[in-house]
Amino acid sequence: MTAIQKADFIDSVEAALQYISYYHPKDFIDSLHAAYQREQNPAAKDAMAQMLINSRMCAEGKRPICQDTGIVTAFVKIGMEVQWDTDLTIQEMVDEGVRRAYQSEDNPLRASIVKNPIGPRVNTKDNTPAVVHVEMVPGNTVDVTVAAKGGGSENKSKFVMLNPNDSIVDWVLKTVPTMGAGWCPPGMLGLGIGGTAEKAMVMAKESLMDPIDMHELLEKGAETPVEKLRVELFEKVNELGIGAQGLGGLTTVLDIKINDCPTHAASLPVAMIPNCAATRHAHFVLDGSGPSFVEPPSLDDWPVVTQEASESVKKVNLDGITQAEIESWNPGDTLLLSGKILTGRDAAHKKIKDLIESGEGLPEGVDFENRFIYYVGPVDPVRDEVVGPAGPTTSTRMDKYSDMMLNSKDTGGMGLMGMIGKAERGDVALAAIKRNKSVYLMAVGGAAYLVSKAIKQSKVVAFEELGMEAIYEFEVKDMPVTVAVDSMGESVHKTGPALWKVKIQEAK
């Protein structure tokens, strides 16, 4: 019998979670770099360049790839011949590893988990509990895979109960465009097919732990039904033209993963879960000889990519910006922002709404009029950092607050001039932007450490009790963004994919 020590298990989980916070898997980097080299849409190519630059910076600085350091999932496969030397359950040991990893002094990770999902949604402060799947298997080792999944991609998970003879391909092609860009493409799509509803979802999530090998599959040629479905979906999803960050382009997915199992004769359960540009997972095996640590990669694995500064890039001083300047911007324009911006996301927006409706008003010193808001929940800083990784969160979650934030003060609104986030905006937000002649700017999801380097000063100005969801004031210098929605309400997330879908079809 193999004896597994409590400390070895906890230490290994902690180390693996720190590892995946700043090291991308090599297969992801290779695949993303190949997609970057193929890309023909300049906006999508620039987005991928930022992802690659950010990835190398994080590997060198050992800081998180994305500010959303995720909800932890662990797949623990326990050999039947294993004995445990512990007074804790598997769940408790995983949670202790999570707690230590996320509260590291050298590389603190963002605590994003809230208890009581139906309210009150209070942050647990240490990112526990994790989601743990335990399976008993033959053997005398413990096989563990840990992953950290951001909310932007997890929120785009889909499930359907198809009829046995329905087309899985048709459902995927109908569904992927509805997911928008909040999952930060290009990434992977994991499918679980068969079993029952809950089995399909777990299979889809676990499929994302496999390495990216679509290139090898295409070279070898698909042989099995699963391989043939993977290739068909890979080609057809990319033909949708959604592209990096939803800006339109040649690459939307880097791979399609599929796990399947037997199901009821009357059923065809299909789950689909995307993995974002912050692909984070690691695998280790405990054999009783001590903790198991994932071998650090070589920095030579990262390509050297530089961001090419176009002559058309516009430098913007947010502290002296005019309405006329905003109205001169066009969808797809690249801007470098300097000046002061406020931050705020879900919890802050809800609190603002509650304060306004109660008649209490905003805290002293908080004024959004003629300002820009950045949808972000940053990681805590370390050493000489002004702020930790601070990439954008998915903007569509704030759509329902658009009227409140953009309408002028004399009509009961906050008087914002513009918003900064990631992914597309819905029809409600587009209408509010057009009516108020404001603007929505997009920062690249998956480039959080790179974005943080543009932030020169940071201070909390309201709602400190909300932690990472507090309202900060950032002073930024040359923060790169793209005009995603102009003052006329035209969205690059609508026009870009539509244009590139046609271009891809014409090139076939």
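These legends walk through several close-up views of the structure shown above.

This is a predicted model, in which local features need pLDDT of at least 70, side-chain atom pairs count only at pLDDT 80 or more, and totals for chains, interfaces and linings use all residues. Residues are numbered from 1 along each chain as its sequence is written, and side-chain values use heavy atoms, with hydrogens and water left out.

**View 1. An open sheet of four strands has the order 6-2-7-12.**
Two strands pair if DSSP finds at least two bridges between them. In this sheet the pairing is mixed. Strand 6 (131-137) and strand 12 (281-286) are the edge strands, each pairing on one side only. Neighbouring strands of this sheet are turned by 15° against each other on average, direction ignored. Look next at strand 2 (residues 71-79), which runs parallel to strand 6 and is joined to strand 6 by seven bridges. Here you can find V76 opposite V134 in strand 6.

Axes are lines fitted to C-alpha atoms, for helices over the stretch in contact, and angles run from 0 to 180 degrees between N-to-C directions.

**View 2. A second open sheet of four strands has the order 8-11-9-10.**
The pairing is mixed in this sheet too. At its edges are strand 8 (158-162) and strand 10 (253-263), each of which pairs on one side only. From one strand to the next, the twist averages 15°. Strand 9 (residues 187-195) pairs with strand 10 in the parallel sense over nine bridges, and G195 stands opposite T263 in strand 10. Helix 9 lies across strand 9 and strand 10, running at about 140° to strand 10.

**View 3. Helix 6 packs with helix 9.**
Two packed helices are described by the angle between their axes and the distance between the axes. Helix 6 (residues 168-175) and helix 9 pack at an angle of about 30°, with their axes 11 Å apart. That makes helix 6 roughly parallel to helix 9, a label for angles under 35 degrees, while those over 145 count as roughly antiparallel, 65 to 115 as roughly perpendicular and the rest as oblique. From helix 6, the contact uses I168, V169, V172 and L173. Helix 9 contributes L229, E232, L233, K236 and V237.

**View 4. E154 and K149 meet in a salt bridge.**
Side chains of opposite charge can pair when their charged atoms come close. A salt bridge is a side-chain nitrogen of Lys or Arg within 4 Å of a carboxyl oxygen of Asp or Glu, and the structure holds 36 salt bridges. For E154 and K149, the N to O distance is 3.1 Å. Buried or exposed? Buried means under 20% relative accessible area, exposed over 50%, and partly exposed in between (1.4 Å probe, protein chains only). K149 is buried at 5%, whereas E154 is partly exposed at 26%.

**View 5. D213 forms a salt bridge with R230.**
The closest N and O atoms of D213 and R230 are 2.7 Å apart. D213 lies in the loop between helix 7 (197-207) and helix 8 (214-220) and R230 in helix 9 (residues 225-238), so the pair ties together parts that are 17 residues apart in sequence. D213 is partly exposed, with 28% relative accessibility, and R230 is buried at 10%.

**View 6. The salt bridge of E469 and R345 links distant parts of the chain.**
In this salt bridge the N to O distance is 3.3 Å. E469 is in the loop between strand 18 (455-462) and strand 19, R345 is in the loop between strand 14 (334-343) and helix 11 (346-358), and they are 124 residues apart. E469 is buried at 15%, and R345 is buried at 9%.

Conventions:
Helices (H or I, at least four residues) and strands (E, at least two) are DSSP runs, numbered from the N terminus. Contact means heavy atoms within 4.5 Å.
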